Amino acid sequence: MSEAVWEPVIGLEIHVQLNTATKMFCACENHFGAEPNTLTCPLCLGHPGVLPVINQGAVEKAIEIGLALNCAIAERSVFHRKNYFYPDSPKAYQISQYDEPICLEGHLDVDGSRIGITRAHLEEDAAKLVHSGGEAGRIGGAEYTLVDFNRCGTPLVEIVTEPDLRSPEQAIAFLALLKNTLQTIGVSDVDMEKGSLRCDANVSVRPAGSGEFGTKTELKNMNSFKFLGDGMAAEIRRQIDLLERGLQVVQETLHYDPGTKALRSLRSKEEAHDYRYFPEPDLVPLAPSPALIERLRDGLPELPAARIERFASQHGLPAAYATDLNAEPRLADYFEAVAASSDAKSAADWVLNTRPAPVDNVPAATLAALIDLIAGGTITNSIAKQVYEMLVADPAADPAELVERHGLASIGDSGELEAMVDEVIAENPAFVEQFQSGKDGVINALVGQVMKRTQGRADARQVQELLRSKL
Ligand SMILES: [Zn+2]
């Protein structure tokens, strides 16, 4: 059997660190990069006798995430204790949500496919373990492990998808749109390298067309889209190989090492009952009022999925362009500013082909003015690229003024171009003779010589026409 007869089935679990000012249940500051163990208090260190207080800002951000993912917001949701012992959890339990999460049953449409969102719930993050000495950074080779409690108790939303994804590429496209959506609504800095966006993937394969699911494995916590995609592809190949040899996939948690491209088993997977979930006795259930939910809904900006559709319909862009421009909110904003005063298709070409430089650099109105110079026939495309480089170096410059100062305007059908064509004909009798004896391809050599002489200030097609008319 080949890969074509197997169908991958992928579901994602995404952890999003919320960018609230303070932690989930205490008043400690919530930010990345502080000295280890400086953002702590008795509460997030799990001292006896402390009582958690819900961060209302985190609740509102969780609701905004739910609304952006087309979820229902639960009238009542409950915090649970998820019990486990590990050095990253001083209380020996994590406050999370279990069977009554705050957001339920949503979806996100990616390239025409609807991907179901099972749930999104609020919880607190664990402390960060820093494996040090020896082979630092890896638990296996390190000599000792330090605990940084700054991250302990920071607010997280865990988003769980339905197993609706059918390829690593589709999973990455989904994740990109989700990341963009979270960035657009401003609830997180979604930086995978800092760990504020983390993704686990549940992967299984089944015979194509089968209605049943195969045994799944969980790929843990990859810190880039690329590694996640590579890891899923490797795991799909491994499972297909096992099944084709008549062996079974074992349910387990795996780590993909991007360096060696190997999959390593971390542990057999826990079941929910292993955690002895029970309702957190120190917190009342969440019951957001309809008025609050409506206020948050009204406050949401235009979301990327809607914006992609609008770019296609309003600006007449191909779907792939609309998606690429929406890879990041600021790229989309920049495109709209350029397209406001120039041709949208050209604006999209320039923004996509020169990213990320202009967004940080060349003002949108300046790029629009450059595009207008091309559209009006003042400069050729190749000259425009030169002018663009000048603008990157000097963003305050005016494109028309640069063209003027450096003598870059197209020579068009002026006498200057005709004179150059005559010169090239006169200087290349051998080429002329070959062309006239039927070797049509020789015309390109002559065009090339004229173009060189114009230093890009002429249109190659026009030069060719002029040459043909003279030969
Ligand atoms: Zn604290």
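**The nonpolar cores**

Analyst: In this predicted model, the largest nonpolar core has 104 residues. Those with the most contacts inside it are Leu-12, Ile-14, Leu-122, Ile-159, Phe-174, Phe-335 and Leu-367.

User: Which helix gives the most to this core?

Analyst: Helix α2, residues 168–185, with eight residues.

User: And which domains does this core draw on?

Analyst: It takes at least three residues from each of domain 1 (3–295) and domain 2 (302–405).

User: What is Ile-14 in contact with?

Analyst: Leaving out neighbours within four places in sequence, Ile-14 contacts Val-157, Glu-158, Ile-159, Thr-161, Phe-174, Leu-175, Leu-178, Leu-197, Arg-198 and Cys-199.

User: Back to domains. Which ones does the assignment give?

Analyst: The domain assignment lists domain 1 (3–295), domain 2 (302–405) and domain 3 (415–470). The C-alpha centres of domain 1 and domain 3 are 64 Å apart.

User: Now Leu-165. Where does it lie?

Analyst: Leu-165 is in the loop between β9 (155–161) and α2.

User: Buried or exposed?

Analyst: Leu-165 counts as buried, because its relative accessibility is 0% and the cut-off for buried is under 20%. Not counting residues up to four places away in sequence, Leu-165 touches Pro-8, Val-9, Ile-10, Leu-12, Ile-115, Gln-170, Ala-171 and Phe-174.

User: How far apart are Leu-165 and Pro-363?

Analyst: They are 198 residues apart in sequence, and 39 Å apart in space from C-alpha to C-alpha.

User: Switching to helices. How do α7 and α8 cross?

Analyst: The axes of α7 (residues 329–339) and α8 (residues 344–354) come within 9 Å and cross at roughly 140°. The crossing of α7 and α8 is right-handed.

User: Why are α7 and α8 oblique to each other?

Analyst: Because an angle has to be over 145 degrees to count as roughly antiparallel, and α7 and α8 cross at roughly 140°, they are oblique.

User: Which residues meet there?

Analyst: From α7, Leu-331, Tyr-334, Phe-335, Val-338 and Ala-339 meet Ala-344, Ala-347, Ala-348 and Val-351 of α8.

User: And at what angle do α1 and α4 pack?

Analyst: Helix α1 (residues 56–68) and helix α4 (residues 290–299) pack at about 65°, with axes 10 Å apart. Their crossing is right-handed. Gln-56, Glu-60, Ile-63, Glu-64 and Leu-67 in α1 meet Leu-292, Ile-293, Arg-295, Leu-296 and Arg-297 in α4.

Definitions and conventions: Residues numbered from 1 in each chain as written. Predicted model: local features only at pLDDT ≥ 70, side-chain atom pairs only at ≥ 80, totals over all residues. Heavy atoms only, no water. Core = buried A, V, L, I, M, F, W, Y, C linked by side-chain atoms within 4.5 Å. Buried < 20%, exposed > 50% of the residue type's maximum accessible area, 1.4 Å probe, protein only. Helix = DSSP H or I, 4+ residues; strand = E, 2+ residues; numbered from the N terminus. Domains from an automatic or database assignment. Contact = heavy atoms within 4.5 Å. Axes fitted to C-alpha atoms, helices over the stretch in contact; angles between N-to-C directions. Parallel < 35°, antiparallel > 145°, perpendicular 65-115°, else oblique. Left-handed = near helix turned anticlockwise from the far one by under 90°.
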